[in-house]
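Me: I have a model open and would like to learn how to read a few of its features. Can we go through them one at a time?

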Amino acid sequence: MMINYRNRFLSGVLGLSLLWGSIAPAAAVSWTPPGVTMGVPLGAAFAPGLYVSNLTHYGDGPDKSITADVPAFTWSSGWKFLGASYSAVVIPEVLQVQNKKTSKTSTGIFSPLLIPASLSWNLGQGFFVSVGEGIYFPFDSNVSFTTPGQTSGWAAETRVAFSYLKDGWIVSANTIYGLTTADAVGRRQPNYFNVDWTVAHAFGKWQVGAVGYGAWDLEETVTNAAVGKGHIVGVGGMVGYDFGSSKLLLELTHAVDQGGATNYSRNDTHVWARLTFPIWQPSQSNIEHAALK
């Protein structure tokens, strides 16, 4: 029963766009912005298959507004490695940022994200843990983390998630530790740490709960020296509905603590909408064969 529920749930919410998320404008901020994995228990394994997930989110405050559309493509292999389920993800992103102080609007494609390896262990009794390694590639666009007209550096991320799925409960803490390199002229974003959390419960096809996020610069570099290390914390609520062949998640958050330069405006209010669905799933015989590998 628990396995069937978990597979249904994870198939619907797989959109690792949530997991691996959308990006924010150039400043001393996280390459993966806070909040993009809320609502998703990333510690747990996903049902084998190929999935597409589209995350659209909009944030607004007195300093700026952000709109992003993020189609994510996830392959959950069904293979086992060191006792863990193996997955891989690729995520492009389109981003628009409006600076209200300068009335300037920037639109473009952010550095693409590749997660070549994500491993998830089922610890039993509803507990799961996953470890993933991702990389953002150098890129040059109006919204890249780079000096204008130059190519950005690289960013490597280690993602560790702890999830609990049992008796309808969905509890998860998804963490991201990011290491950055300098752009083409030597300017480097600070290393960072993010955590997104979810506490929710399923009621039939509905899910209702609380969500939140936090993000912190771990050092000072030339990009945040003027204002100091940035941080932001936000909280909000979530509602989801399982249509059977697809899953919809809606979230609303508000920033309650903030300092320095961050991905979002001061007093940011954010709306998130995530629709995920499988575009291919193997037959049962292929799943059983993959599980033996």
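**Backbone and surface**

Reply: Start with N267, which sits in the loop between β13 (247-259) and β14. Keep in mind that this is a predicted model.

Me: What is the value of phi at N267?

Reply: Phi of N267 is near 55 degrees, which is positive in a residue other than glycine.

Me: Is N267 buried, partly exposed or exposed?

Reply: The idea is to compare relative accessible area with two cut-offs: under 20% is buried, over 50% is exposed, and partly exposed lies in between. N267 has 46%, so it is partly exposed.

Me: Which loop holds D167?

Reply: D167 is in the loop between β8 (155-166) and β9 (169-180). Its phi is near 55 degrees, again a positive value in a residue that is not glycine.

Me: Why does D167 count as exposed?

Reply: Because its relative accessibility is 60%, and the exposed class begins over 50%.

Me: Which residues make the nonpolar surface patch?

Reply: A patch takes in residues with over 30% relative accessible area. Here L50, W75, W79, L275, F277, I279 and W280 form a nonpolar patch of about 620 Å². The elements that supply two or more of its residues are β2 (64-81) and β14 (269-280).

Me: Which element gives the most to the nonpolar patch?

Reply: β14 does, with 4 residues. Take I279, a patch member found in strand β14. Its relative accessible area is 48%, so I279 is partly exposed.

Technical notes:
Residues are numbered from 1 along each chain as its sequence is written. This is a predicted model: local features need pLDDT of at least 70, side-chain atom pairs count only at pLDDT 80 or more; totals for chains, interfaces and linings use all residues. Side-chain values use heavy atoms; hydrogens and water are left out. Patches are made of residues with over 30% relative accessible area and no salt bridge: like charges are joined within 9 Å, nonpolar side chains (Val, Leu, Ile, Met, Phe, Trp, Tyr) within 5 Å. Accessible areas come from the Shrake-Rupley method with a 1.4 Å probe; for residues, only the protein chains shown count as cover. A salt bridge is a side-chain nitrogen of Lys or Arg within 4 Å of a carboxyl oxygen of Asp or Glu. Buried means under 20% relative accessible area, exposed over 50%, partly exposed in between (1.4 Å probe, protein chains only).
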